[in-house]
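Please look over the pockets, strand pairs and a few single residues of this protein. The sequence and structure come first, and the report comes after.

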Amino acid sequence: MQDGCDYFCSFCTIPLARGKSRNASIAETVAKAKEVAATKVKEVVLTGVNIGDFGADQDYAETFYDLIVELDKIEGIDRYRISSIEPNLLSNEIIDFVAASDRFVPHFHIPLQSGDDEILTKMRRKYLSDLYVERIARIKKQMPDCCIGVDVIVGFPGETEEHFLTTYKFLNELDISYLHVFPYSERNNMTAKKMADKVTKAEKAERAQRLRILSEKKKRFFYESQLGKTMEVLWEEEKQGENMQGFSENYVRFEASYDANLVNTVQTLVFEEINESGLAKAAVKEHLQ
């Protein structure tokens, strides 16, 4: 639904590779969504390079909020899931709308990249850590069971152990659900390539591993907070050995014995326990849609 980016973060070459932020109009995007609604698809994920910047290239006023309001009206799509959205573009208006919507699910993925303000400034991000804290607090106030994923980069040039520990502490204290961890890697034409004080490959790997362990702990804590709750699980077609998997509205991954009749169906399930693979196991199958 959107491509390109106008942000020019110092670790990224996407604006050079993909061009300026651009998108079709709301009317054109809604028309595409209606085509999807006429199929058997039950969940649509809104994706792009910088989806919160929807409308930035247009001479008339259209915003990402305006888009989701219109998409929410379309019959035939059970769920919309918002993919990665920048924290400075995730407004209270968007959060509150998702909280009240029957179709937009309680799941956000919000890039952070660093929890240290000095590093965020060097990265040329458009926010500091305080704004990120405000976004998480708003989401959890409106949607206590919301799943929140976070992107974070380790080993950015100039990131000392103290900077990293600031990020670690920041993430550890946030009410988030999982992390996507990326060791910093250089590309031609990125601003950060010219920066001094490079972090060694070994240090980046070690820091990434520490955050991945933290991510597993965060995910486990989130899953445990959901035990005993009733969820709508959409089963996927792909087989995992003898099993199948599916996701709840708030991105809890369920696992069950494979049953072809369940593929692309939504079941109302009670989250009974966490299995040996760290996935959700259901206790009660109340009805099949």
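The model is predicted.

## Pockets

Start with the largest pocket. Its volume is about 660 Å³. Its lining has 27 residues. Phe-11, Cys-12, Ile-14, Gln-113 and Ile-153 are the ones nearest the centre of this pocket. Four elements each give at least two residues to this lining: α1 (14–18), β3 (107–113), β4 (147–154) and β5 (178–183). β5 makes the largest share, with 3 residues. By class, this lining has 16 nonpolar, 7 polar and 4 charged residues.

Now the second largest pocket. The space in this pocket is about 280 Å³. It is lined by 14 residues, and those closest to its centre are Tyr-178, His-180, Lys-219, Tyr-251 and Arg-253. Both β5 and α8 (201–226) supply at least two residues of this lining. Here the largest share comes from α8, with 6 residues. The lining splits into 7 nonpolar, 3 polar and 4 charged residues.

## Strands

Two strand pairs are described here. In one, β7 (residues 243–247) and β8 (residues 253–257) run antiparallel and are joined by 5 bridges. Within this pair, Gln-245 sits opposite Glu-255 of β8. β7 and β8 make a hairpin, with 5 residues between the strands. Tyr-251 lies in the turn and has a positive phi of about 65°. Tyr-251 is also among the residues closest to the centre of the second largest pocket.

In the other pair, β6 (residues 230–240) meets β9 in the antiparallel sense, over 5 bridges. Thr-230 faces Val-270 of β9. How much of strand β9 (residues 266–274) is buried? The count is 7 of its 9 residues, so β9 is largely enclosed by the rest of the structure.

## Single residues

| Residue | Relative accessible area | Class |
|---|---|---|
| Ser-83 | 18% | buried |
| Thr-29 | 14% | buried |
| Phe-247 | 10% | buried |
| His-180 | 37% | partly exposed |

**Ser-83.** This residue is in the loop between β2 (79–82) and α4 (92–100). Why does Ser-83 count as buried? Buried means under 20% relative accessible area, and Ser-83 has 18%. A polar atom of the Ser-83 side chain lies 2.5 Å from the backbone oxygen of Leu-46. Leaving out residues up to four places away in sequence, Ser-83 touches Val-45, Leu-46, Thr-47, Gly-48, Ile-51 and His-109.

**Thr-29.** Helix α2 (residues 26–37) holds Thr-29. Its relative accessibility is 14%, so Thr-29 counts as buried. The Thr-29 side chain has a polar atom 2.8 Å from the backbone oxygen of Ser-25. Beyond four places in sequence, Thr-29 touches Met-1, Ala-24, Phe-54 and Leu-67.

**Phe-247.** Strand β7 contains Phe-247. This residue is buried, at a relative accessible area of 10%. What does Phe-247 touch, not counting residues up to four places away in sequence? The list is Arg-79, Arg-81, Glu-232, Val-233, Leu-234, Glu-236, Val-252 and Arg-253. Phe-247 and Ala-280 are 33 residues apart along the chain, and their C-alpha atoms are separated by 9.4 Å.

**His-180.** This residue is in strand β5. Is His-180 buried or partly exposed? At 37% relative accessibility, it counts as partly exposed. Apart from neighbours within four places in sequence, His-180 is in contact with His-109, Val-150, Asp-151 and Val-152. The C-alpha atoms of His-180 and Gln-113 are separated by 9.6 Å, and the two residues are 67 apart along the chain. Gln-113 is among the residues nearest the centre of the largest pocket, while His-180 is among those closest to the centre of the second largest pocket.

Terms used. Residues are numbered from 1 along each chain as its sequence is written. This is a predicted model: local features need pLDDT of at least 70, side-chain atom pairs count only at pLDDT 80 or more; totals for chains, interfaces and linings use all residues. Side-chain values use heavy atoms; hydrogens and water are left out. On a 1 Å grid over the protein atoms alone, a cavity is a set of points where a 1.4 Å probe fits but cannot get out, and a pocket is an open set with protein on both sides within 12 Å along at least five of seven lines; lining residues have an atom within 4 Å of a point. Grid points are joined across faces, edges and corners, and a volume is the space filled by probe spheres set on the points. Ala, Val, Leu, Ile, Met, Phe, Trp, Tyr, Cys and Pro count as nonpolar, Asp, Glu, Lys and Arg as charged, and the others, Gly among them, as polar. Two strands pair if DSSP finds at least two bridges between them. Buried means under 20% relative accessible area, exposed over 50%, partly exposed in between (1.4 Å probe, protein chains only). A polar contact is a pair of N or O atoms within 3.5 Å; within protein, one must be able to donate a hydrogen and the other to accept it, and residues adjacent in sequence count only if both atoms are side-chain atoms. Contact means heavy atoms within 4.5 Å.
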